[in-house]
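Grab your viewer and work through a few geometry exercises with me. Try each task yourself before reading its solution.

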Amino acid sequence: MQLLRMLAATAVLVAAITSSAIAADVSGAGATFPYPIYAKWAEAYKKQTGITMRYQSVGSGEGIRQIQNKEVTFGASDMPLKAADLDRYGLVQFPTVIGGVVPVVNVEGVKAGDLTLDGPTLARIFLGEIKSWNDAALRKLNPSLNLPSQPIAVVHRSDGSGTTFVFTDYLSKMSADWRSKVGSITAVDWPVGTGARGNEGVAAMVARIKGAIGYVEYTYAKHNQPSDPAAAAEVLRFFNWAYAKGGKMAEELDYVPMPANVVDAVQKLWASDIRDAGGKPIFALSN
């Protein structure tokens, strides 16, 4: 059940300076959040170009680690990196698609769309202060529902996750207690609950546990000479194609495509900041 929708843009991290090499398939790793649309884009892109885009849905934290260690051609994170971190590892980041993070619940007798929650109450649930589905705070928000005396089972991400960043950033804005006690980052010290890996793991655990609540994605680089400019160019070709032709596919999976002005700004960033060892823009070479 989707209750509150927190919008987030997935950022792709690409090396800014690359050395010469032969064109190859594209490898990426990171956020589970955009995996459904990346997989759909990759399938269509391979049919059109013959180039394979392999993406590991391993969480934003691991995706950041892999691109920092030059293990993949690009990384994906739902939490933007700070400028200092981009400079340190020679990375450029740009947004690819917007999606939503929503709470999901498995409550006896409550149908999809019936339950109402607000931000402060949601924070109190994840702080462990509201322990039962018939708590007075929940009954006040849902006077027409017959909420059960079922215990609340909190489910959260166990891996470093941009989805966690989006969710905890929202809770920090809604609750001073959450902001001071827990905060917002890709991995926090959860006051209560059970961890599951990936959006897939959280969704599956909530489905299995009666009384559960979790959060999931709405559907379900600069001075280091990394190894492969041809692969970096192919990354840009892939996302340039996705911007131009992947919007309808994104909408079908309940994502929001990037607006034209954002795409234009991203393409200018590529042209100015992502270059080969000789200083030539990779994006110009990729067209």
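Predicted model: local features only at pLDDT ≥ 70, side-chain atom pairs only at ≥ 80, totals over all residues.

**Exercise 1. How do helix 9 and helix 11 run relative to each other, and which residues make the contact?**

Two packed helices are described by the angle between their axes and the distance between the axes. Start there: helix 9 spans residues 229–245 and helix 11 spans residues 260–273, and their axes come within 11 Å and cross at roughly 165°. Angles over 145 degrees count as roughly antiparallel, so helix 9 is roughly antiparallel to helix 11. The crossing itself is left-handed. Next, look at who touches whom: helix 9 brings Leu236, Phe239, Asn240 and Tyr243, while helix 11 brings Val263, Val266, Gln267 and Trp270. Sorted by class, that contact has 6 nonpolar and 2 polar residues, with no charged ones.

**Exercise 2. Where do Lys70 and Asp254 lie, given that each has a positive phi without being a glycine?**

Take Lys70 to begin with. Its phi is about 60°, and you'll find Lys70 in the loop between helix 2 (60–68) and strand 5 (74–77). With a relative accessible area of 33%, Lys70 is partly exposed.

Now do Asp254, with a phi of about 70°. Asp254 sits in the loop between helix 10 (247–252) and strand 10 (256–257). Asp254 is partly exposed, at a relative accessible area of 37%.

**Exercise 3. Is the ring pair of Tyr35 and Tyr55 stacked or edge-to-face?**

A pair of aromatic rings is described by the distance of the centres and the angle of the planes. The model has 22 such aromatic pairs. For Tyr35 and Tyr55, the centres are 6.4 Å apart and the planes are at 25°, so this pair is stacked. Tyr35 belongs to helix 1 (residues 35–49) and Tyr55 to strand 4 (residues 53–57), so the pair ties together parts 20 residues apart in sequence. Tyr35 is partly exposed at 33% relative accessibility, whereas Tyr55 is buried at 12%.

**Exercise 4. What geometry does the pair of Phe126 and Phe167 have, and which helices does the pair link?**

Here the centres are 4.9 Å apart with 70° between the planes, which is edge-to-face. Phe126 comes from helix 4 (residues 119–126) and Phe167 from helix 6 (residues 162–174), so the pair links distant parts of the chain, 41 residues apart. Check the burial too: Phe126 is buried at 0% relative accessible area, and Phe167 is buried at 0% as well.

**Exercise 5. Which residues do ring pairs link into a cluster?**

Follow the ring pairs and you get a cluster that includes Tyr35, Tyr55, Phe239, Tyr243 and Trp270.

Methods. Residues numbered from 1 in each chain as written. Heavy atoms only, no water. Axes fitted to C-alpha atoms, helices over the stretch in contact; angles between N-to-C directions. Helix = DSSP H or I, 4+ residues; strand = E, 2+ residues; numbered from the N terminus. Parallel < 35°, antiparallel > 145°, perpendicular 65-115°, else oblique. Left-handed = near helix turned anticlockwise from the far one by under 90°. Contact = heavy atoms within 4.5 Å. Nonpolar A, V, L, I, M, F, W, Y, C, P; charged D, E, K, R; others polar. Buried < 20%, exposed > 50% of the residue type's maximum accessible area, 1.4 Å probe, protein only. Phe/Tyr/Trp six-rings, centres within 6.5 Å; stacked < 30°, edge-to-face > 60°.
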